[in-house]
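Biologist: Can you take me through this model? I'd like to begin with the strands.

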Amino acid sequence: MKSQASSRPPSLRERAEAALLSRARREQPDVSSTEFGRIIHDLSVYQVELELQNEELRGVQNQLELARNRYARLYDQAPVGYLTLDANGFIRQSNQTFAEMVGWESADLAGRSLAAFIDASDQAVFRGRFKSFFNSPDGKSLDLSLQDRSGRRLAARVTARRDAPAFPWRQPSGDEPLLLVIVSDITERKQAEEELQRLSLVAAHTTNAVFITDAEGRIEWVNPAFVRASGFSLAEVAGQDVCAVLRGAETDPAAVGAIRAALAAGQGYEGELLSGHRDGSSFWIHLLLDPVQDAGGRVTRFIGVQNDITARRLARLELQEKNAELERFIYLVSHDLKSPLVTIKAFLGYLEQDLARADTARIAQDMAYMRSAADRMGQLLEELLDLSRVGRVARPPVRVGFQELAEEALRLTAGGIAERGVNVRLVETALTLVGDRARLLEIWQNLIENAVKYMGDQAVPDLEIGVERRGWEWVFYLRDNGMGIEPCYQEKVFGLFEKLDPKSEGTGLGLALVKRIVELYRGQIWLESTGVGRGTCVRFTLPEAVEQRSEAV
Amino acid sequence: MRNQPAVVLLVEDEPAHAEIVRRHFAERHPASRLRHVSDGQAALDYLYRRECHRQPERSPRPDLILLDLRLPRVDGLEVLKTVKDDPDLRQIPVVVLSTSAAEADLVNAYRHHANSYLVKPVDFAHFTALLDALCGYWLTFNTAPRGA
């Protein structure tokens with residue numbers, strides 16, 4: 001190799017002449033001129049033959065060179081990185097693609113350790129596994145994080161096979177074992193995998209119920225939240241029509257129709273519907289249904305996300321109710337406060353006239369009207385203030401026995417009871433309440449006052465106060481034999497300012513106040529009366545005031 | 001102008017307000033006969049001659065109804081509806097006299113064919129002027145069919 005590098009090899013002609021000279025020494029043939037001419041001719045033919053042969057060889061050489069270049073390009077520009085590594089992990093050779101991965105010139109990589117391009121976090125893994133990888137690389141792969149010169153990381157999958165020498169007789173390093181390594185950039189694939197993992201985590205762990213259907217709306221998969229919400233397991237709903245699964249006994253058929261239409265049209269759907277639970281109960285859901293399309297725009301699946309909005313809906317209804325009540329309240333307050341004002345101003349006008357005429361009888365009358373209107377206004381304002389405080393001004397809850405409360409309420413209303421001669425019976429029950437004592441007291445006080453007021457012309461007025469167990473809850477009651485109330489008014493009496501008897505005293509806020517307090521303790525209040533003259537029974541519950549412990553009694 | 005004294009039925013639950021109207025009629029229109037009932041049910045009993053209103057002499061058919069809206073038992077709107085749905089009663093002019101100036105009340109009253117809607121003024125002078133105008137218009141100038 002060294003001699004070739006220093007001087008040109010002897011030409012073919014020189015080599016041929018030398019061979020001829022050595023041969024001529026051995027045989028010197030005697031040739032005639034005729035023979036000489038023939039020999040010249042033969043030699044000329046040989047010369048042409050040789051020239052032709054030479055030309056052919058040059059062509060073959062050119063083709064080989066082209067092929068070699070093509071393979072070199074293939075090697076260098078392959079879509080994966082190629083490396084030849086020695087047993088110590090040093091790079092012997094690398095292609096352009098790998099050089100670009102790590103941001104180096106391919107020529108500068110030879111002699112460097114592959115470890116130099118591996119991210120610090122993966123160094124230990126690489127060093128620990130390289131030896132066994134080198135010795136038997138078949139079927140193994142190393143996932144490593146590489147770092148290029150600018151610090152950018154890329155995820156690489158490294159696979160390899162042992163170098164089988166193509167030309168063993170030419171291998172310069174004898175039989176030193178080498179490793180042919182393929183380095184693939186899997187950064188994007190890895191990111192996609194991680195993304196997918198994250199997404200499946202979201203679907204599996206979100207509190208929203210998620211389902212996936214095929215293009216026809218048959219369920220393929222549901223997440224655990226769906227199972228929790230609907231009560232159906234994946235096995236029970238897999239392959240089922242999603243509309244049939246969502247539909248409950250109380251579901252609006254129009255909503256189901258809309259979903260079906262969206263599925264058929266391959267379109268999305270968003271709406272609220274009353275869905276059915278496996279146990280037959282119903283719950284409100286907000287449903288978002290989206291078609292998934294393939295590259296050709298064909299709908300292949302639907303993804304549904306639903307959440308339970310029962311509580312939100314209830315809150316909304318409650319809010320609407322409260323708003324309506326507030327509106328009614330403002331309207332009634334303005335009306336009921338204006339009314340005494342009209343009275344006061346009118347009789348003030350009359351008073352002026354009557355004073356001028358010195359009409360003493362009328363003056364007294366005028367003033368009586370004005371006083372009563374002013375009193376009414378004062379009372380109204382006070383009660384309104386009290387009503388507005390229910391639930392807003394919270395006193396610390398205390399324990400108080402039902403017996404004690406009822407007895408105190410009876411003491412406070414003793415005047416009216418005695419005056420009307422009501423015979424009161426308190427049914428003893430050892431039930432304890434926990435709450436705002438003054439508020440709880442107001443319930444019985446107002447209801448007793450009310451019962452006494454509406455005894456009508458009952459000759460032997462009776463009032464029974466007690467509490468009884470109905471199913472799992474305690475129901476309080478006040479039963480009288482007074483004038484009773486027509487069924488159509490039984491709801492109305494709890495409204496603000498509702499008075500059924502114009503001649504009765506009061507502002508019409510008493511029962512409204514009672515209702516507010518009962519609702520404060522998540523209870524309900526209702527009337528039971530078969531009609532006028534048949535007495536009234538007021539019943540109410542106070543779930544959040546009844547002490548649980550006392551229920552055992 | 002009429003020969004017979006006009007009969008006015010006042011449906012008003014607030015005693016003081018009834019007194020204001022009563023005094024006004026007594027002073028300015030002593031010839032007219034004001035009848036007062038204090039809730040919607042009583043108004044219907046009067047108009048249909050039921051309960052204590054059976055005698056025509058004591059409960060004559062009114063020429064004008066002055067109707068408050070917020071009434072116990074049967075409310076004013078219900079009375080208005082009943083009157084205007086009844087072919088025999090619907091010719092009687094019904095003037096709503098209420099403290100409410102709420103749009104919903106106005107709309108409801110006119111929807112049920114109230115002949116007029118008056119808001120009780122807070123100011124006494126205005127109240128007096130309103131009652132004067134009311135009586136002048138409905139009892140003096142307005143001409144109603146005979147026997148209506």
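**Sheet, helix pairs and chain contact**

Biologist: In what sense do β16(A) and β17(A) pair, and over how many bridges?
Modeller: β16(A) and β17(A), the latter covering residues 537–540 of chain A, pair in the antiparallel sense over four bridges. Pairing here requires at least two DSSP bridges between two strands. Strands are DSSP E runs of at least two residues, helices are H or I runs of at least four, and both are numbered from the N terminus.

Biologist: Before I go on, what am I looking at, and how does the numbering work?
Modeller: This is a predicted model, in which local features need pLDDT of at least 70 and side-chain atom pairs count only at pLDDT 80 or more, while totals for chains, interfaces and linings use all residues. Residues are numbered from 1 along each chain as its sequence is written, with chains lettered from A and ligands numbered from 1 in the order in which they are written.

Biologist: Back to the strands. What is the strand order in the sheet?
Modeller: The open sheet has five strands of chain A in the order β12-β14-β15-β17-β16, and the pairing is mixed. β12 (423–426) and β16 (525–528) of chain A are the edge strands, each pairing on one side only. Direction ignored, neighbouring strands are turned by 20° against each other on average.

Biologist: Which helix packs on that sheet?
Modeller: Helix α16 of chain A, residues 437–453, does, touching β14 (462–470), β15 (473–480) and β17 of chain A. The direction of α16 makes about 30° with that of β15(A). Touching means contact, with backbone-placed C-beta atoms within 7 Å.

Biologist: How many bridges do β14(A) and β15(A) share?
Modeller: Eight, with β14(A) and β15(A) antiparallel. A:Glu468 stands opposite A:Val475 in β15(A). The two strands form a hairpin with two residues between them, and A:Gly471 in the turn has a positive phi of about 65°. On to β17(A): β15(A) runs antiparallel to β17(A) and is joined to it by four bridges, with A:Tyr477 partnered by A:Arg539.

Biologist: New topic. At what angle do α12(A) and α13(A) pack?
Modeller: α12 (residues 310–357) and α13 (residues 360–389) of chain A pack at about 160°, with their axes 9 Å apart. Axes are lines fitted to C-alpha atoms, for helices over the stretch in contact, and angles between N-to-C directions run from 0 to 180 degrees. α12(A) and α13(A) are therefore roughly antiparallel to each other (over 145 degrees; under 35 is roughly parallel, 65 to 115 roughly perpendicular, the rest oblique). The crossing of α12(A) and α13(A) is left-handed (the near helix is turned anticlockwise from the far one by less than a right angle; clockwise is right-handed).

Biologist: Which residues make that contact?
Modeller: Among them are A:Leu337, A:Phe347 and A:Leu351 of α12(A), and A:Met370, A:Ala373 and A:Leu380 of α13(A). The residues of this contact divide into 18 nonpolar, one polar and five charged. Nonpolar covers Ala, Val, Leu, Ile, Met, Phe, Trp, Tyr, Cys and Pro, charged covers Asp, Glu, Lys and Arg, and the others, Gly among them, are polar.

Biologist: Now chain B. How many helices and strands?
Modeller: Chain B has five helices and five strands, running β-α-β-α-β-α-β-α-β-α from the N terminus. Buried residues make up 38% of its 148 residues.

Biologist: How do α1(B) and α5(B) cross?
Modeller: The axes of α1 (residues 15–28) and α5 (residues 124–141) of chain B come within 11 Å and cross at roughly 60°. α1(B) and α5(B) are therefore oblique to each other. The crossing is right-handed. Contact residues include B:Ile20 and B:His24 of α1(B) and B:Phe127 and B:Leu131 of α5(B).

Biologist: How many residues does each chain put into the contact between A and B?
Modeller: Chain B gives 21 residues and chain A gives 18. α1(B) gives the most to the side of chain B that touches chain A, with five residues. That side divides into eight nonpolar, four polar and nine charged residues.

Terms used:
Two residues are in contact if their C-beta atoms, placed from the backbone, lie within 7 Å. A residue is buried if 20 or more other C-beta atoms lie within 10 Å of its own, exposed if 12 or fewer, and partly exposed in between; C-beta atoms are placed from the backbone.
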